[in-house]
Amino acid sequence: MTASGIARFITAMVTPFDADLNLDLNRTEQLADRLIQGGNEALLACGTTGESPTVFYPQKIEVIKAMVRAADGRVPVYANVGDNCTADTIEFARDVQDLGVSALMCVVPYYNKPPQEGLYRHFRTIAEAVDLPVILYNIPGRCVTNMTAETTLRLAHDVPNIVAVKEASGDMQQVRSIIEDAPSGFSVLSGDDATTYDIMSMGGHGVISTIGNVAPALMRRIVDLAAQGSWDEARAAHEHLLPLMKGLFATTNPILVKEALNLLGFPVGGVRLPLVPATPAQRVDLTALMRQVGLQPTAQ
């Protein structure tokens, strides 16, 4: 961890559903325990991988409570509270910060396409309204708007409890600029498993992971080796796992992440519309990739 206290290897956990696509809170606790035992240093509740667009605020509260219960102080739980309305985000964030989470994550507002000054004011207003550390989340592929390095750095320098950014822009020059000019203790986290090695090699802190749901020990090894500066071993571990990192995104996340857990004999249910289940062909391809990296699917 850095001075900010943010973990290096954090998995954005899927949200388990039952056969009727209702929350399965018992399974949520079981999955959190499984991921902690698998090597996760922290868990993120209600991220995109947790189907945040279709798990509404009251359900998010229940998911967060279940994850905090399951973690039982063994690892921190972070919660995604970001929305495209600043006032709504603040109201929800204030509710969530009393549930036992250790940090809040806020995504760049989507659909309304704010300018950079709007992004700055949005995140600063939220951070100043809560007592917990805040992680920024930049993912222009989903939100359309890219938060520039200048805006991220302005927030990092101006707002003491903005302590990290999950960077999923894919722009390595932008990431490098943030790493080089960030204040001491500010963590730059990869928002994409496949860029973790590259971002850590530039001085980034770690990753908020998707594949950590499925292969936590294998992803933890990459992060640990990179943190130790064992770059040759880290690259080899990265290249070994890379086919599955990419394969899990052959269709919209988290369709295949949930399917992979189902294939591993740990069913977490399906996905809510407008997402749809994996096709038979996608299931076949996924099974092959899982076996390629050493996982053993037990279901077909």
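**Close-up views: aromatic pairs and charges over rings**

The whole structure, a predicted model, holds 2 aromatic pairs (Phe, Tyr or six-membered Trp rings with centres within 6.5 Å; stacked under 30 degrees between planes, edge-to-face over 60, tilted for the rest). Local features need pLDDT of at least 70, side-chain atom pairs count only at pLDDT 80 or more, and totals for chains, interfaces and linings use all residues. Residues are numbered from 1 along each chain as its sequence is written, and side-chain values use heavy atoms, without hydrogens and water.

**View 1. Tyrosine 57 and phenylalanine 92 are stacked.** Their ring centres are 4.2 Å apart, with planes at 0°. The pair joins helix 2 (residues 57–71) to helix 3 (residues 86–96) (helices are DSSP runs of H or I, at least four residues, numbered from the N terminus). Phenylalanine 92 is buried at 3% relative accessibility; tyrosine 57 is partly exposed at 28% (buried is under 20% relative accessible area, exposed over 50%, partly exposed in between; 1.4 Å probe, protein chains only).

**View 2. Tyrosine 197 and tryptophan 231 pair edge-to-face.** The centres lie 5.8 Å apart, with 85° between the planes. Tyrosine 197 belongs to helix 8 (residues 196–201), tryptophan 231 to helix 10 (residues 231–247).

**View 3. Arginine 272 lies over the face of phenylalanine 17.** The distance to the ring centre is 4.3 Å (the criterion is NZ of Lys or CZ of Arg within 6 Å of the centre and within 35 degrees of the ring normal). A polar atom of the arginine 272 side chain is 2.8 Å from the backbone oxygen of threonine 54.

**View 4. Lysine 166 lies over the face of tyrosine 137.** Here the distance to the ring centre is 4.1 Å.

Notes: Polar contact = N/O pair within 3.5 Å; in protein donor to acceptor, adjacent residues only side chain to side chain. Helix = DSSP H or I, 4+ residues; strand = E, 2+ residues; numbered from the N terminus.
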